[in-house]
Amino acid sequence: MFVQRNLVTIVMIPSLIGLHWAWDSLQHNRALVTDQERKDLPVVIAAKALWHQVTNKTKSNEQQDK
């Protein structure tokens, strides 16, 4: 019963982990990607963008309060 109800989750989580591992392996292969072209994991890029938005909003709110 558990497997039938959660089959998508059971398949997708290892798949996402595998995709991120493959991305990271390809990005660190110097024969394929130069140091200048190397990118972070998509999750890291999204987290950095979100953090940038949050900190900019906080800074702009602090400036408006002055």
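UniProt, in an unreviewed entry, places a signal peptide at residues 1–22. In this predicted model, that span is 91% helix and 0% strand, and its end C-alpha atoms lie 32 Å apart. Here is a quick tour of what surrounds it.

**Overall fold**
- The chain has 3 helices and 0 strands, so its pattern along the sequence reads α-α-α.

- Phe2, Val3, Leu7, Val8, Ile10, Val11, Met12, Leu16 and Leu19 together make a nonpolar surface patch of about 860 Å².
- Helices H1 (2–5) and H2 are the elements that each give two or more residues to this patch.
- H2 supplies the largest share, with 7 residues.

- Which class does Val11 fall into: buried, exposed or partly exposed? Val11, which lies in helix H2, is partly exposed because its relative accessible area is 45%, a value between the 20% and 50% cut-offs.
- Gln27 is also found in helix H2, which covers residues 7–27. Gln27 counts as buried because its relative accessible area is 9%, under the 20% limit.
- What does Gln27 touch beyond residues up to four places away in sequence? Its contacts there are Val33, Glu37, Arg38 and Lys39.

Technical notes:
Residues are numbered from 1 along each chain as its sequence is written. This is a predicted model: local features need pLDDT of at least 70, side-chain atom pairs count only at pLDDT 80 or more; totals for chains, interfaces and linings use all residues. Side-chain values use heavy atoms; hydrogens and water are left out. UniProt positions are given in the numbering used here, feature names are shortened, and annotations may be inferred rather than shown by experiment. Helices (H or I, at least four residues) and strands (E, at least two) are DSSP runs, numbered from the N terminus. Buried means under 20% relative accessible area, exposed over 50%, partly exposed in between (1.4 Å probe, protein chains only). Contact means heavy atoms within 4.5 Å. Patches are made of residues with over 30% relative accessible area and no salt bridge: like charges are joined within 9 Å, nonpolar side chains (Val, Leu, Ile, Met, Phe, Trp, Tyr) within 5 Å. Accessible areas come from the Shrake-Rupley method with a 1.4 Å probe; for residues, only the protein chains shown count as cover. A salt bridge is a side-chain nitrogen of Lys or Arg within 4 Å of a carboxyl oxygen of Asp or Glu.
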